[in-house]
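Please walk through this structure with the model and its sequence side by side.

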Amino acid sequence: MSNIAMIIEKHFPCFKEIDGGSILIDEKIREMCKQNVCGHYDRNWTCPPAVSSLDVIRQKLAEFKSSVIIYRVYDIKSSFDLQGMIDGISDFRGRLIKMKNEFYDILKFLLIIVHIILTKSLFLKRIPLWIKIYSSVIF
């Protein structure tokens, strides 16, 4: 398991890596959106018409070799358990933020190393050891 997968699993034990080309973009779903089946059409920034066209989404997905689906199941008392839903959303959001910060910390460290190497810092003689140690941890 890669270190990226380990970080994801730490925050979301339920995840699945999938081939980027295997994501089906179905016109029928967009038609359901236009019919406002769920009641969120033009009321939510993650729903049409605020989101890109299906062609743009297909193009963006084609840029990625793979994708990761993350999910978490939350127990709620009933379909009317608004507080349970809010708690689940809050927990999921918190997990996403923690995971993002962990990835950011790794990226920030790598960028510092690249900067030091590119600027030929006085510490250059010590950098290869740090790169070796850190890259063995990350990759």
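The paragraphs below take up confidence, then the helices and loops, then the charged pairs and the core.

This is a predicted model, in which local features need pLDDT of at least 70 and side-chain atom pairs count only at pLDDT 80 or more, while totals for chains, interfaces and linings use all residues. Residues are numbered from 1 along each chain as its sequence is written, and side-chain values use heavy atoms, with hydrogens and water left out. The predictor's confidence in each residue is given by pLDDT, on a scale from 0 to 100. The protein chain has an average pLDDT of 81, and 81% of the residues score at least 70. Over residues 130-139 pLDDT stays under 50; for that stretch the model has 14 contacts beyond four places in sequence, a contact being heavy atoms within 4.5 Å.

Helices (H or I, at least four residues) and strands (E, at least two) are DSSP runs numbered from the N terminus. Begin with helix H2, residues 27-34. At its start, a side-chain oxygen of Asp-26 comes to within 2.9 Å of the backbone nitrogen of Lys-28. Inside H2 sits Arg-30, which is buried but has no salt bridge. Here buried means under 20% relative accessible area, exposed over 50%, and partly exposed in between (1.4 Å probe, protein chains only). A salt bridge is a side-chain nitrogen of Lys or Arg within 4 Å of a carboxyl oxygen of Asp or Glu. For charge, Lys and Arg count as positive and Asp and Glu as negative, with His and the chain ends not counted. The nearest side chain of opposite charge to Arg-30 is that of Glu-27, 7.3 Å away. Beyond four places in sequence, the contacts of Arg-30 are Pro-48, Val-51, Ser-52, Ser-53, Leu-54 and Ile-57.

After H2 comes Asn-36, in the loop between H2 and H3. Asn-36 is partly exposed, with a relative accessible area of 32%. Asp-42 belongs to the loop between H2 and H3 and has a positive phi near 60°; with a relative accessible area of 57%, Asp-42 is exposed. Pro-49 is also placed in the loop between H2 and helix H3 (54-62), and the peptide bond leading from Pro-48 to Pro-49 is cis, with omega near 0°.

Next, the charged pairs. Side chains of opposite charge can pair when their charged atoms come close. In this model the count of salt bridges is six. One of them joins the side chains of Lys-10 and Glu-102, at 3.2 Å from N to O. This pair links distant parts of the chain, with Lys-10 in helix H1 (residues 3-11) and Glu-102 in helix H4 (residues 82-118), 92 residues apart. Lys-10 counts as exposed because its relative accessibility is 56%.

Glu-31 counts as partly exposed, at 39% relative accessibility. A network of salt bridges links Glu-27, Asp-55 and Arg-58.

A further salt bridge joins Arg-72 and Asp-91 (3.5 Å, N to O). Because Arg-72 lies in the loop between S2 and H4 and Asp-91 in helix H4, the pair ties together parts that are 19 residues apart in sequence. Both ends are partly exposed: Arg-72 has a relative accessible area of 33%, and Asp-91 has 29%. Arg-72 is also in contact with residues including Pro-13, Phe-92 and Arg-95. Between Arg-72 and Pro-13 there are 7.9 Å, C-alpha to C-alpha, at a separation of 59 residues in sequence.

Strand S2 (residues 66-71) contains Ser-67, which counts as buried because its relative accessibility is 16%. Not counting residues up to four places away in sequence, Ser-67 touches Lys-16, Glu-17, Ile-18, Gly-20 and Ile-23.

The largest nonpolar core consists of five residues: Ile-7, Ile-8, Phe-12, Met-99 and Ile-106. Such a core is a set of buried Ala, Val, Leu, Ile, Met, Phe, Trp, Tyr and Cys residues joined through side-chain atoms within 4.5 Å. H1 and H4 are the elements that give two or more residues to this core. Met-99 touches Ile-7, Ile-8, His-11, Phe-12 and Ile-70, leaving aside residues up to four places away in sequence.

Terms used
Polar contact = N/O pair within 3.5 Å; in protein donor to acceptor, adjacent residues only side chain to side chain.
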